[in-house]
Amino acid sequence: MSNKISRSGSYGMSTKKKWEAVRFHVLAIAIGFIMVYPLLWLLASSFKSNDTIFKDSYSLIPKVWDVITNYTSGWKGISGVPFGTFMMNSFIVTIAGSVSGVFSALLAAYAFSRIDFSLSKFWFSCVIVTLMIPSQVMVVPQYIILKNIGLIDTKIALILPWAFGSAFFIFLMNQFFRGIPKELDEAAKIDGCGEIGILFKILFPVVRPTVITCFIFSFYWIWQDFFQPLIFMNSVDKFTVSLALNMFLDPNSYNNYGGLFAMSFVSLIPIILFFVVFQKYIVDGIAMDGIKG
């Protein structure tokens with residue numbers, strides 16, 4: 001009798017767990033679809049004809065397919081400048097700004113966390129305070145400085161504001177550095193290693209996930225930035241992707257929505273690839289566990 005009760009009880013528990021698993025997966029799929037729907041809508045709209053994009057806007061299945069026209073017209077670009085030029089401009093600015101900015105943040109974080117110097121806590125507090133300053137506030141003084149040195153309407157004008165590190169990246173790396181025992185530094189100095197050697201030979205392999213995480217965030221922020229290129233750039237052939245996409249919409253003439261959506265999806269491909277390839281480093285980089293094992 002007891003065996004029958006135990007079997008029925010275990011069967012009931014297993015059935016309950018199965019239903020809980022079903023409900024969980026259904027809910028997860030529903031939430032996932034809601035989150036992915038805007039991207040799917042963008043892709044589907046890039047396949048529709050320009051006249052039907054907003055007539056059946058909620059449908060993901062085009063009634064009239066116009067894929068070749070949309071992607072061809074979009075890739076031709078604006079004002080005689082092909083869209084590939086805008087993509088190349090964005091790649092140059094984004095990669096140069098990300099590499100220089102993350103490198104600067106790495107050096108600053110190492111200095112704040114591993115080197116004892118006068119008023120180090122005060123200067124670190126000053127860096128952290130800059131997190132509360134909106135980036136738009138800094139555009140006016142940046143514009144004045146760049147104009148005085150003759151760099152307005154150049155790619156360097158888009159790179160320099162990012163090249164000296166971000167307070168968020170400095171804070172993130174600093175916290176990771178603080179989790180690494182300083183005995184490693186002392187052992188390296190005994191072996192004749194200098195500060196640069198300690199940073200790149202001893203500590204960098206440990207903090208590499210955080211550095212890659214900062215690079216991913218920096219790549220995304222610079223790639224999608226619209227405000228700074230709008231203020232600093234004048235020549236169409238030097239525009240980045242964000243400015244080029246805005247030029248597809250002209251209230252005084254024909255709006256090429258098909259080309260806009262097609263090139264919008266193309267401009268998302270580098271971001272998607274970056275997150276797919278380096279997604280494992282995001283969690284590892286933010287964990288800030290220091291040395292494991």
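**Note on cavities, pockets and selected residues**

1. Helix H12 gives the most to the lining of the second largest pocket, with 6 residues. The space in this pocket amounts to about 210 Å³. Its lining is made up of 13 residues, and Val241, Leu245, Ser264, Ser267 and Leu268 are the closest to its centre. Two or more lining residues come from each of H9, helix H11 (241-246) and helix H12 (257-287). By class, this lining holds 9 nonpolar and 4 polar residues, with no charged residues. The model under review is predicted, and the totals for linings use all residues.

2. The largest pocket contains about 990 Å³ of space. Lining it are 32 residues, of which Ser135, Gln142, Pro161, Trp162 and Gly165 lie nearest the centre. The elements supplying two or more residues to this lining are H3, helix H5 (139-148), H6, helix H7 (167-178), H9 and H10. The largest share, 4 residues, is that of H5. In terms of class, the lining of the largest pocket has 20 nonpolar residues, 11 polar and 1 charged.

3. How many cavities of 30 Å³ or more does a search of the whole structure find? The search returns 1 such cavity. The largest cavity holds about 70 Å³ of space. Its lining consists of Ser90, Val93, Thr94, Leu158, Trp162, Ile222, Trp223, Asp225, Gln228, Pro229 and Thr240. Divided by class, these are 6 nonpolar, 4 polar and 1 charged residues.

4. The origin of the cavity lining may be set out by element. At least two lining residues are supplied by each of helix H3 (83-114), helix H6 (155-163), helix H9 (195-223) and helix H10 (227-232). H3 provides the largest share, with 3 residues. Trp162 is among the residues that line the largest cavity, and Trp162 is also one of the residues nearest the centre of the largest pocket.

5. Helix H7 contributes two or more residues to the lining of the largest pocket. This helix has 12 residues and spans 16 Å from its first C-alpha to its last, close to the 16 Å expected at 1.5 Å a residue. Which residues of H7 are buried? They are Ala167, Phe169, Ile170, Leu172, Met173, Asn174, Phe176 and Phe177.

6. Most residues other than glycine have a negative phi. Serine 79, although not a glycine, has a positive phi of about 55°. Serine 79 is placed in the loop between helix H2 (67-76) and H3. With a relative accessible area of 59%, serine 79 is exposed, since the cut-off for that class is over 50%.

7. Leucine 119 likewise is not a glycine, and its phi is positive at about 60°. The loop between H3 and helix H4 (120-129) is where leucine 119 is found. Is leucine 119 buried or exposed? It is exposed, because its relative accessible area is 53% and the threshold for that class is over 50%.

8. The cysteines may be considered last. A search of the whole structure finds 0 disulfides. Cysteine 126 has a relative accessible area of 30% and is therefore partly exposed. Cysteine 214, by contrast, counts as buried because its relative accessibility is 0%, and the limit for buried residues is under 20%.

Conventions
Residues numbered from 1 in each chain as written. Predicted model: local features only at pLDDT ≥ 70, side-chain atom pairs only at ≥ 80, totals over all residues. Heavy atoms only, no water. Disulfide = S-S within 2.5 Å. Buried < 20%, exposed > 50% of the residue type's maximum accessible area, 1.4 Å probe, protein only. 1 Å grid on protein atoms, 1.4 Å probe; cavity = no way out; pocket = protein on both sides within 12 Å on 5 of 7 lines; lining within 4 Å. Points joined across faces, edges and corners; volume = space filled by probe spheres on them. Nonpolar A, V, L, I, M, F, W, Y, C, P; charged D, E, K, R; others polar. Expected span 1.5 Å × (residues − 1).
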